[in-house]
Amino acid sequence: MCVALPGLTVSEEHGQLNGHGLEGVYRAGVRLLSRSQLRIAGREPLVVQGRLVSPDRATFIAVARTHADIGPDPGIGVERARDADGSERITLRNWSGRTVRLPVEIGLGTDLADLGAVAAGRAGPELPASVHGSGLRWSAPHGRHTSVTASPPPKDALASAGLLRWEFELAPGESRTVELRVRADRAVRPAGHTGGSPLADARAEGDDPRVGSLLRAGLADLGALLLRDRDQPLDVYPAAGVPWRCGLAPAEALWAVRMALPAGTRLAAATLRTLARTQIGGTGPDAGRIPGPLRDAGPHLPPSCTGVEATLAFPAVLAEAWRWGLPDQELEELLPTAERCLLWLRAAADGGGFVSDLGPTGVQRAETQAHAHRAAMLGADVLTACGRPGAAWWREWASGLRQEFREGFWLDDRSGGRPPAARMGDGRLVPHLGGAAAHLLDTGLCGGGRYAPGLLDHVQTGQLARLLGGPDLDSGWGLRSLGAREPAHNPFGHRSGTVRVHETAVAVAGLAAAGYEKEASSLLRGILDAAEVFGYRLPEMYAGDQRTVGSVPVPHPAACRPAAVSAAAGIQLLTALAGIRPDAPAGAVALEPIRGAPLGAVQFSGLRVAGEPFSVRISRLGLGMVEEAAGGLQLGI
């Protein structure tokens, strides 16, 4: 998949677009081209390699034989370079020692179908083509149009067959190139290709060379997923992922930009502004909530509302972006939205401080309480800094929630107990343990380089750390969304057994911050090993089968790849090694690296703290040293 949204190109490793499945060139969710088949001298070239060279470009290397070839060696080399917008360069090279005459033809076709219809198998037949300039054009009854132009112009253009034909004569060693461009009704430049990137060009290197590949791929894929806000085109945000969710998913967008804060605050600020414009106004029960769709929650719980998740994430992401260096002016601009999110939380919480799902179920999920507690603690920090009222009330509220949670949201057993997944409306605790419990360790960054207190006490935190690091949840490739011994476990279940990369990253960072480095290191190594198998383009999830000698992680057929949360997770996973704890408003930054140095020595350069480049080196002994930082930034808090 070549991605530079709103452009997307899907093809097999052979490079031919045959119209099968999802194959094609898409723009803003519409398939502009479903078929692009190259033939040389009447035959399809033999593809020997197809690979992604960047998030938005793939190359396919092939060879072709002519009737004059008498030995085993092919005389013609073919290279196809295809971009996310569908443009393509086809280069033919004559390796033989004689002049060759090459008939070349490209068969083109499209259905101009929506991506959803293609995925559901309802794309419809190919549309008739018409000759248009130096190529072909198609029109659909509902007003859509697309065209393909070629340079040099073809010798023949056959609309009835959808064919463009050339006749090339190549001397020994000579090459010729055909360029194809796919055009839609309205040209839209990818957000990541216009203006400066909102993400820093950070680099990583170390004893384990894979760290550089993972960081580079994560930043590049996240940049390829950026879209522009229709109302404010200067603001960009990450789409959820391709090919299935090429639009805004509020909660996942916030988690992604939060994990990407080490690469700067610009993307977080733009995404927060975009979501602020969606916040529900008025005075009703939904006032202050950020809308979001329902999401599957596995076999033991009803679907959850991602809008609740996004509403609770907004104040926390704003507060942490400020700690990383978000300018005060942008903080003040976004603070009213965060305050309205907190007002919604205040109205939604019950007498014990617990937040229930929207609707009649009354389900109180453990991770929702973690999000609410984090929003209160980090929101209070920002309110204090900005001289706004309510900070003391929110800290007291969070303290009460901690006490209630520790007493009423824990299941004791002989092994030390566990947090339940949720409490149902009738008070029954749902005992099933999954990766979502990692959110209980994600307490949020406060002032002075400190992490906020969590919902669990010290003993409960230690027990959860052991569970997250145990074989039921740690698959060897990452954290399972549901434990292997839980009822209804399914290694391919979205929330019932797959490895979810975002939850694994949350667990690694939370475990490291809490001092459980053995468990954090095991999960980190597992994800890094999986990333290598996936070419460092991590999917949002993959099968949660137990790792064995010689095994590899198994892809999930419905996973987005790339996805915003998995691309950003690579950034968080690696920077967790350094334990960077910034407090830009106080002009300070602290380092708490993982002392065991699970990946050996590692160096990060080009990160951003307080809006300036930040570079840090972690030794093989787990000692951190800042090598570049903003002037006046105090090291150590």
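These notebook entries follow what I looked up in a predicted model.

**Ground rules.** I number residues from 1 along each chain as its sequence is written, and I leave hydrogens and water out, so that side-chain values use heavy atoms. Since the model is predicted, local features need pLDDT of at least 70 and side-chain atom pairs count only at pLDDT 80 or more, while totals for chains, interfaces and linings use all residues. Helices (H or I, at least four residues) and strands (E, at least two) are DSSP runs, numbered from the N terminus.

**Helix 5 and helix 6.** I began with helix 5 (residues 306–324) and helix 6 (residues 328–348), whose axes come within 9 Å and cross at roughly 150°; axes are lines fitted to C-alpha atoms, for helices over the stretch in contact, and angles run from 0 to 180 degrees between N-to-C directions. The crossing of helix 5 and helix 6 is left-handed, a term for a near helix turned anticlockwise from the far one by less than a right angle. I then looked up the contact (heavy atoms within 4.5 Å): helix 5 contributes residues including Val 308, Phe 314, Leu 318 and Trp 322, and helix 6 contributes residues including Asp 328, Leu 335, Cys 341 and Trp 344. By class, the contact residues are 14 nonpolar, two polar and one charged, where Ala, Val, Leu, Ile, Met, Phe, Trp, Tyr, Cys and Pro count as nonpolar, Asp, Glu, Lys and Arg as charged, and the others, Gly among them, as polar.

**Helix 4.** Next I asked how many residues of helix 4 (residues 266–276) are buried, meaning under 20% relative accessible area, with exposed over 50% and partly exposed in between (1.4 Å probe, protein chains only). The count is 10 of the 11, so helix 4 is largely enclosed by the rest of the structure. Among the buried residues are Leu 267, Thr 271, Arg 273 and Ala 276. They pack against helix 2 (210–224), strand 19 (226–228), strand 20 (236–238), helix 3 (250–259), helix 5 and helix 6.

**The largest pocket.** On a 1 Å grid over the protein atoms alone, a pocket is an open set of points with protein on both sides within 12 Å along at least five of seven lines, a cavity is a set where a 1.4 Å probe fits but cannot get out, and lining residues have an atom within 4 Å of a point. Grid points are joined across faces, edges and corners, and a volume is the space filled by probe spheres set on the points. The largest pocket holds about 1,000 Å³ of space. I found 36 residues in its lining, with Met 1, Leu 52, Phe 534, Arg 537 and Arg 561 nearest its centre. The lining of the largest pocket comprises 20 nonpolar, eight polar and eight charged residues.

**Cavities.** Searching the whole structure, I found six cavities of 30 Å³ or more. The largest cavity has a volume of about 650 Å³, and of the 39 residues that line it, Arg 295, Glu 367, Ala 436, Arg 495 and Glu 503 are the closest to its centre. Helix 7 (366–385) gives the largest share of that lining, four residues. The second largest cavity contains about 520 Å³ of space and has 29 lining residues, of which Tyr 451, Ala 509, Gln 572, Ala 576 and Ile 580 lie nearest its centre. Helix 10 gives the most to this second lining, with six residues.

**Leu 433.** I placed Leu 433 in the loop between strand 25 (429–430) and helix 9 (458–468). Is Leu 433 buried or exposed? At 6% relative accessibility, Leu 433 counts as buried. Beyond its neighbours within four places in sequence, Leu 433 is in contact with residues including Arg 418, Leu 467, Leu 482 and Glu 486.

**Backbone details.** I noted a cis peptide bond between Ser 151 and Pro 152, with omega about 0°, and Pro 152 sits in the loop between strand 14 (145–151) and strand 15 (156–158). The peptide bond from Arg 561 to Pro 562 is also cis, with omega near 5°; the Arg 561 in that bond is one of the residues nearest the centre of the largest pocket. Ala 41 has a positive phi, near 55°, although not a glycine, and counts as buried at 18% relative accessibility. Ala 597 has a positive phi of about 45°, lies in the loop between strand 29 (588–591) and strand 30 (602–609), and is buried, with a relative accessible area of 11%.
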